Amino acid sequence: MAETAASMSASRPDSRGQPRKSLGGIWLEFLGSMNLAITLLVVVSIASVIGTVLPQNETFNTYLIQFGPFWFEVFRVLNLYDVYSASWFLFILGFLILSTGICVSRHIPSVWREITRYRTRVREQSLLALRQHRHWDSAHSTGELQDVAEAAFQAHGYRTRTEARGDIVVVAGMKGAATRIGYVLTHVAVVVIAIGALVDGNLYLKFQEFTGNLQIETRDLRVSQVPAESWVAAESGAFRGNVTIPEGASSEVSFLQMRDGYLVQELPFTIEVEQFRIDYFPNGAPRSYESDLVIHDPTLDEPIRETIGVNYPLTHRGHTIYQASFTDGGSSLYLTGHLLDGSGQVMELDARVFETYDLQLGGLERELRIDGFELLNINRDTRSVERTGGSSEFINSGPSYTFTLRDEAGQAREYRNYMAPVEIEDRWYFLHGMRTGAEEPFRYLHIPADHNYSMDTFLAFHQALHRPEAVASASRRAADGLLGQMGVPGSELGDRVAGTAHGMIDTLLTRGFGGVSAELDERAAGASRPGMIREFSEAVLQRTLYEVYRDVLADQQGVMPASIQTDSRQRAFFEEAMNAVSAAAEYGAPLIFQLNHFEHRQATGLQITRAPGKSIVYTGSALLTIGVFLLFYVSQRRVWALVKPGQTGGGELLMGGANQRRPEQFEEEFEQLADAVDQHLNPADDPAREN
Amino acid sequence: MVASRDEMIRSMRRPSLLQRLTPGDWFWAALVVVATAVTCTVLWDAMNRYEVVITLFTAGAMIGMGWHWHGGRLYMGLVCAVSLFAISRYPDLAAADSDFFLRYLLSSQSAIMWMSALFPAATLAYGAALFTGNDFTARVASRLTWIAAGAGLVGLLVRWHETHLFEGGIGYIPVSNLYEVFVLFAVITALLYLYYEGAYRTRQLGFFVLLIISASIGFLLWYHFDRQAYQIEPLVPALNSYWMKIHVPTNFIAYGAFALAAMLGVAYLIRDRVSDDSVWAQRLPTLKQIDDISYRSIALGFAFFTVATILGALWAAEAWGAYWSWDPKESWSLIVWLNYAGWLHLRYTKGLRGRFMAWWAIIGLLVTTFCFLGVNMFLSGLHSYGEL
């Protein structure tokens, strides 16, 4: 702010030759100094950068894994995991507020002077030293000259003040002082914003934790079980909490995530969710989602009913409720489980999402947990336009659900099933996905759908392969057929061949075609003609499986197997069924689920915030905006007119002006002013004037 | 004789703003008012009250800009006329392939491709003008920049129309993802440059500024071809707000101004290096002029950046539940803000000019680029709309 001599001087209150500054004065100067402020700002910036690069507020475990025990501890002590709430960060911010406040308050006197003083005490030499000045020797009297000067200044928007000193009169004009106000506003705004931010910070919570009144809860408990030390009373301070409420349910708390745990924040009212709706784009992405809320507050006569959506929150009693997310709210899934052990047993299960069930499956125990349910699975499908003739290139594969099965040893696998069959290259399959870990992608078991679009035929086929008599008779027929084709009669050979088929089918069921192949390699290794043995064995297996399939079809149609002639569609089914049987060996679950029916229930994810300092911050922001524009786009201009009696009667007028900020632009303005004065003084018939 | 005081004041008063307006100014104002009235009538049902306010405010800004900057007036008028023409030929998406004008010139993809060709061409022309000192080449370069900026803005406006042509009502203002805002960045930086080019009557800084614009075009083209980023996807619910219409453009005025100032810093350093009697010293503006434009650009950028950050905070309060979450994007915005606040402080209080400030402006661009791009690319956070 100290640029030229004509502007305000860097007036420090204690630099006028006083012998010693008081200690308080030194402190004040230091605190209000620019250097301190810059240093602090650099530290704040670096800390902020750290906060962006190091993911904040994750669980301690994550950091421990990422950094190892030593650095984890170092960063933890420095509180880098929650850097913006770290005590030292807040301390520095507080210091900055102090520094800015002191700086502004120390400068306010000089700013005030600049705004109010007109500087009528200028001397002639000062005006002559200005770049913009002009001089007139005129026949007009000093009084007239003064009038003209004042009028000119006022006509150009300057506020004027006149002072007479002896026979010299000085008219001083000024405009654009608002820029100084801009300076004050911007800096005061910074302080105001910072105060608002502190009010909204979690200082209260930190203090309570520090004094031991509050303790973070880390266990996954029902709300009613959380101990009192982890509860925060309603309306006790600023907070940002989350809560997930299923449709039809209500909540009177929200949860504050803190480091590796949480606190329960009481609300002074109850939020009930009547309904939740999602509107989708054609490509399946959510367009908007909204919740119908009812706020039950004892202080209200009637509950408030309002619908909130993304970007449309609801504010009540200083609390603002936002639509943040959504999840499943415990949908009911009516499942049928088909055991794959050949018993053909079926179990019915009415499950709910997020619940865990213990399953007893014929000697095996499994823990089933339903993890999620998706109503829509929409993908781009360019072929759907050709096929259906529709205009949409998106296809909805229908609902899907995910679950986890954990065995007695504690090993878990995750599964994902689609409710309805999915069309892939003109054939329909039931997709059963499986993965052993969350980082892996799902691998899908494709179970072919039969002519009724169900899994029944496949399940019957799979079950038949477990029945020794079925396999025996089928393998016998296959062996006879094959040997007959080769022209080798004999039932003894046929028995042996049938026996190998049985073994291969067992291997197929437990280790898939890969296992069969490995076994055949072993068996063929020592033989004289390995290739032929392999080929023959594979033919036997194939034929046996085919015979089993014919049995299944015969069963379905209620006729004798011998009368079954398969068409191309059924043969295609057979191919896929074989593949599915092989793949099922790796499925890793003793049963396959089928979803018959569901009741979809959603839960809305709400964020609830209370920010009493918000209006302070907004006021500060408004001040900052106004201040910045005033500061940049208004410049303070001063003009002077010094009038004294001329040597030859009449008067002399010396006019000068300055604009520190935009001197080039001022040149034009000054010219206009001087020309206007010129017009009045010399309407083409006055004696010559000089520049 | 000297007249009475009041008569004198009246006679010396500068013509007021209204009196200084030319017929052309009045015509322009009338044109904008009529266009705004028609827009509001036609689209009344589609706008909420905030958007009506934004429209009126935009109209006022266009009138003001047109009065202050005559070159901008012609630009705005032509862009609007061409865009309306393009829209008139665009009843459905298929028209983009069948209609001649749309296919080769005016569909958003064509227009943006033209822009992507014209900006590098302008860069070369400005470079040639700088190296040869030829004034005609400089004028050609200037025209190319105008046309390129026009093509870019037409592209964005037509894209706005295109989003409304998709089924499912996904229409939105095309400033929602990294692809669209890069076009906006190029256009705004070019317009800011052209304004100062006119105000300071020098074309020799064009080469420097167009360099950064061409760099952004390079990124845009890579993003287009490698990631097919030009495809129109529906907005996520959080972006579906009138705030996007004001927060994003103000932010990009700031980014454009900061980029401009950084390239002027480069020009400053070069001008500082060449000896005063070399031919370069004649061609390039004086150090003081470069410094002046640099300052005005940073001041403009800082003012708009302040507004944009505050608007972002207001929007965040409505959409995310808190006006400040120390999200990486927000934190880096603060750092950018502090950086330029520091630059301005040193200039105002210590009167610093010269090489040091030029370097600071250049480094400021690196900080700004990290805030603009780096956060989206390397850091996660709530602001991941602009993800690569």
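**Sheets, helices and salt bridges**

Visitor: How do strand β25 and strand β26 of chain A pair?

Guide: Strand β25 (residues 637-645) and strand β26 (residues 651-658) of chain A pair in the antiparallel sense, over eight bridges. Two strands count as paired if DSSP finds at least two bridges between them. Strands (E, at least two residues) and helices (H or I, at least four) are DSSP runs, numbered from the N terminus. This is a predicted model, where local features need pLDDT of at least 70 and side-chain atom pairs count only at pLDDT 80 or more, while totals for chains, interfaces and linings use all residues. Residues are numbered from 1 along each chain as its sequence is written, chains are lettered from A and ligands numbered from 1 in the order in which they are written, and side-chain values use heavy atoms, leaving out hydrogens and water.

Visitor: Which residue is the bridge partner of A:P645?

Guide: A:P645 has A:G651, in β26(A), as its bridge partner.

Visitor: And what's the order of the strands in that open sheet of five?

Guide: In chain A the order is β1-β26-β25-β3-β2, with antiparallel pairing. The edge strands are β1 (132-138) and β2 (159-165), and each pairs on one side only. From one strand to the next, the twist averages 15 degrees; axes are lines fitted to C-alpha atoms, for helices over the stretch in contact, with angles from 0 to 180 degrees between N-to-C directions.

Visitor: Which strands does helix α6 of chain A lie across?

Guide: Helix α6 (residues 142-155) lies across β1, β2, β3 (168-175), β25 and β26 of chain A, at about 170 degrees to β25(A). Helix α16 (residues 663-681) of chain A lies across β1, β3, β25 and β26, and runs at about 10 degrees to β1(A).

Visitor: New topic! What is the strand order in the open sheet of three strands?

Guide: In chain A that order is β13-β12-β23, with antiparallel pairing. β13 (346-352) and β23 (591-599) each have a single partner strand, so one side of each is left without a neighbour in the sheet. β12(A) and β13(A) pair over seven bridges, and A:L335 stands opposite A:L349 in β13(A).

Visitor: Is A:E114 buried or exposed?

Guide: A:E114 is buried, with a relative accessible area of 5%, whereas A:R119 is partly exposed at 27%. Buried means under 20% relative accessible area, exposed over 50% and partly exposed in between (1.4 Å probe, protein chains only).

Visitor: Which residue forms a salt bridge with A:R317?

Guide: That would be A:D297, with the closest N and O atoms 3.0 Å apart. The pair links distant parts of the chain, 20 residues apart. A:R317 counts as partly exposed at 34% relative accessibility, and A:D297 counts as buried at 6%.

Visitor: Last one: where is A:E522 found?

Guide: A:E522 is in helix α12 of chain A, and it counts as exposed because its relative accessibility is 63%. The C-alpha atoms of A:E522 and A:E667 are separated by 102 Å, and these residues are 145 residues apart along the chain.

Notes: Contact = heavy atoms within 4.5 Å. Salt bridge = Lys/Arg side-chain N within 4 Å of Asp/Glu carboxyl O.
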